[in-house]
Amino acid sequence: MKSERLKQSRPEVFLSHVGIGPAIVKLPKKLKQFQPEVFLSEAGIGRTIVEVQKKEKIFSQGEVGEAVFYIQKGKAKLSVVSREGREATISLFGPGDFIGEDCIAGVQSTRMATATALTECTLLRIERKEMMRVIHEEHIFSDVFVTYLLARNTRIQADLVDQLFNSSEKRLARALLLLANFGKEGKPETVIPKISQEMLAEMIGTTRSRVSFFMNRFRKLGFIDYNGTLRIHSSLLNVVLHD
């Protein structure tokens, strides 16, 4: 009788008799921790990987912002055009940067600038709704995104100070160093994509002739190699640091 009562008290036997399988009574597995680097590297719900050719527009000034773009590979620029048709380059972006994140500020946010690929780019297109969801639900991603925005805000302030107080020579040196990712995590890219002197002039607020003059000077001093491709040497930092 005692052994019979023990058999009857076994919960797995009871549950099997009433038609509940063993999987029902198993404890749920521990949820996998959210990984921002995986989220930003793969396509998924609300996320699409897109390939953009050199000089192709990623989005245009004046259109409704419906997605945020994360650069996985390549370089892009952000530019604005005035009513008179004058174009100015605001900033350059590379791997690890977000573009078009201003669309999450409002339901019908209008693009204030145009994003154009400077090289062949691989981008992760994140729908606005999905971007909002992951920001609200995944604190790890929120930390990563806020850290990026703060760093970018600091960069914008530094750009403004550079424009207001530094000479065009220093501004050009700083722009070239930023293009080569000096100051970012990881190894700098000493060889950077070909960029026109007109675009460099737009970025630093001077003329093409001044850019040409300083580029030739940097080359003679051994700070850069400028022959078809552009190679930046760390010695160019001397121009920025020298008072």
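What is the volume of the largest pocket? The volume is about 1400 Å³. This is a predicted model, where local features need pLDDT of at least 70 and side-chain atom pairs count only at pLDDT 80 or more, while totals for chains, interfaces and linings use all residues. Residues are numbered from 1 along each chain as its sequence is written, and side-chain values use heavy atoms, with hydrogens and water left out.

Strands here are DSSP runs of E with at least two residues; helices are runs of H or I with at least four, and both are numbered from the N terminus. Two strands pair if DSSP finds at least two bridges between them.

Now walk across the strands. Strand 2 pairs with strand 7 (residues 114–117) in the antiparallel sense over 2 bridges. F59 stands opposite A115 in strand 7. L78 also stands opposite A115. Strand 4 and strand 7 pair over 4 bridges, in the antiparallel sense. Strand 4 and strand 5 are joined over 6 bridges, again antiparallel. V81 has E87 in strand 5 as its bridge partner. These two strands, 4 and 5, form a hairpin with 5 residues between them. In the turn, G85 has a positive phi of about 95°.

A pocket is an open set of points on a 1 Å grid over the protein atoms alone, with protein on both sides within 12 Å along at least five of seven lines. A cavity is a set of points where a 1.4 Å probe fits but cannot get out, and lining residues have an atom within 4 Å of a point. Grid points are joined across faces, edges and corners, and a volume is the space filled by probe spheres set on the points.

The largest pocket is lined by 45 residues, of which S91, L92, R152, R155 and D159 are the closest to its centre. Helix 6 gives the most to this lining, with 13 residues. Strand 5, helix 6 (139–165), helix 7 (168–179), helix 8 and helix 10 (237–241) each give two or more.

The second largest pocket holds about 190 Å³ of space. Its lining includes K77, T116, A117 and M199.

The search finds 2 cavities of 30 Å³ or more in the whole structure. The largest cavity holds about 100 Å³. Among its 12 lining residues, L92, F93, R155, L178 and L179 lie nearest its centre. Helix 7 gives the most to this lining, with 3 residues. The second largest cavity holds about 50 Å³. K75, L118, L179, P193, K194 and I195 line the second largest cavity.
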